[in-house]
Amino acid sequence: MTDWAAVQVAKAASNVVNTSLAVKPGELVAVAADHNSDWAVVDALLAAVSAAGGEGTLLVQPPRGRAGEPANGIIAAALAGADVVIAPTSTALSFTPELKQAMNNGTRAIVMTGVTRKELIAGAGVADYEEVYRITKPLSEAITAGSQMHITCKNGSDLTASLEGVTCGIGASFAREPGQISSYPSGEAWSAPKAGTGNGVLVADGSAHELGFLSEHIKVHFADGRAVKIEGNEQADQLRRMIDGVENGDNLGELSVGTNPSARFLGNITEDKKQVGTMHFALGNSVVGGTVKAPIHVDLLILKPTLHVDGELLVEDGVIIKTA
C-alpha cells in the first residue's frame, strides 16, 4: 500500500472510531475480523482505537460460509464484554445472534462487511455523512409513518408489503449511543416489512451478497412474506442453494433505500446498496426491528426502483423525490 493510500485508510479509520462511534478513553473495543478481512483496514482501526484512548482487542475467526451465519463461541463470548464492536468481517456479523445480544446489553457497533482499503479511500467511504443524514431522515420518517409500501421497476418488480408497526432506521454511520448499530460506509433508510405481508415480485438487477455483479436479472416471487420462486441463470441457482434448507432463509427480511451520493457501483453489495435511489431487499434474517430470525441474510440490489408509501411517491425510477 502506497504512503498516500495508507494515510487515506488511516483517516477513514479515524472517522469510524471518532466520528461514527465517538470512542471514549478507557472503552473496551472489539475489532472482529476473519481470515479474509483486509488487514490494512484492521490495523488502521486498531491504531485509531488506541489513539482515541480506547482499549482495542482483535478477534479473528475463520470466515463464515454465509452472511449472517453465527460467530464462533470465542467471539460470541468476547462480544458480550465489549463497549464497542467494529466488524470488518468478509461476511456479515451484523445479523448474528451474538452481536444482537451484545447490543441488547448496551454495546454499540459499526459493521464494515467486506470493506477493503479500496472502499475506504474513495466513494461512500469519504462521503459527507451530515449530508447523508439529511437525505435519509425524511425517507425514514415517511416509511415509519406509512402503512403500506409498493415497489415497482421497469424490469418487472411489483411488490406490496405492510409497514404496520415498522420503524425505518436512519443509516448514516452514526452509532454513538448504547445499543445503536450502523454500517460504514453507510447511507440507507432501512426497514424490515411486517412479517408475512410481502406479496408480488422483486427483480434484482445490480449485485448481491456473495454473488457480486449480476450477469442476468434474478426474479424473486413472494407470497405472504416468503420467497416461493426464484428465476434466473446460474446465479439464481446459487441463490437457491444458499437459502435451501436454511430455517427462514426464504423470509423477506428487508426493504431499504440507498441514500449516499458518493457511493459507487463496484460489485460489492456493501457499497452498491448505498447508492442514492437504489433499493435492496434481503432473504433471511430481518434487519433490526424485524421479528423473523434466520442464520443468513442475503441482500439483492434493484438499481432503479420506484417506491410509493400509502400512495405518496418517494422514489421514481431511481431518483429520490421525498427530500423534506
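Which residues are linked in a network of salt bridges? Let me start there: Lys-24, Glu-27 and Arg-108 are the three that join up in that way. Before I go on, please keep in mind that this is a predicted model.

Okay, staying with charges for a moment. Side chains of opposite charge can pair when their charged atoms come close. Searching the whole structure turns up 13 salt bridges, and I'll walk you through a few.

Take Asp-38 and Arg-117. Their closest N and O atoms sit 2.8 Å apart, and they form a salt bridge.

Next up, Lys-194 and Glu-164. Their side chains meet in a salt bridge, 3.1 Å from N to O. Lys-194 lies in the loop between E9 and strand E10 (199-204), and Glu-164 in the loop between strand E6 (158-162) and strand E7 (169-171), so the pair ties together parts that are 30 residues apart in sequence. Lys-194 is partly exposed at 34% relative accessible area, and Glu-164 is exposed at 53%.

Now let's go to helix H6. Another salt bridge is found here, between the side chains of Arg-134 and Glu-131, at 2.8 Å from N to O. Both residues lie in H6, three residues apart, about one turn of the helix. Arg-134 has 44% relative accessibility, so Arg-134 counts as partly exposed; Glu-131, at 28%, is also in the partly exposed class.

How about the helix as a whole? H6 runs over residues 129-145, which makes 17 residues. Still, H6 bends by about 30° at Thr-136, and a proline, Pro-138, follows within four residues. Thr-136 and Pro-138 are both buried, and other buried residues in H6 include Tyr-129, Val-132, Ile-135 and Leu-139. At the start of the helix, a side-chain oxygen of Asp-128 comes within 3.1 Å of the backbone nitrogen of Glu-130.

Which peptide bond is cis? The one from Tyr-184 to Pro-185, with omega near -5°. Pro-185 is in the loop between strand E8 (181-183) and strand E9 (188-190).

Asn-248 has a phi of about 60°, and its place is in the loop between helix H7 (234-243) and strand E15 (252-258). Asp-317 has a phi of about 50° and lies in the loop between strand E19 (312-316) and strand E20 (319-320). Asp-317 is partly exposed, at 29% relative accessibility.

Last stop, the surface. Trp-39, Leu-58 and Val-60 make a nonpolar patch of about 230 Å². Leu-58 is in strand E2 (residues 55-61), and with a relative accessible area of 37% Leu-58 is partly exposed.

Methods
Residues are numbered from 1 along each chain as its sequence is written. This is a predicted model: local features need pLDDT of at least 70, side-chain atom pairs count only at pLDDT 80 or more; totals for chains, interfaces and linings use all residues. Side-chain values use heavy atoms; hydrogens and water are left out. Patches are made of residues with over 30% relative accessible area and no salt bridge: like charges are joined within 9 Å, nonpolar side chains (Val, Leu, Ile, Met, Phe, Trp, Tyr) within 5 Å. Accessible areas come from the Shrake-Rupley method with a 1.4 Å probe; for residues, only the protein chains shown count as cover. A salt bridge is a side-chain nitrogen of Lys or Arg within 4 Å of a carboxyl oxygen of Asp or Glu. Helices (H or I, at least four residues) and strands (E, at least two) are DSSP runs, numbered from the N terminus. Buried means under 20% relative accessible area, exposed over 50%, partly exposed in between (1.4 Å probe, protein chains only). The expected span of a helix is 1.5 Å times one less than its number of residues. The bend at a residue is the angle between axes fitted to the seven residues ending there and the seven starting there. A polar contact is a pair of N or O atoms within 3.5 Å; within protein, one must be able to donate a hydrogen and the other to accept it, and residues adjacent in sequence count only if both atoms are side-chain atoms.
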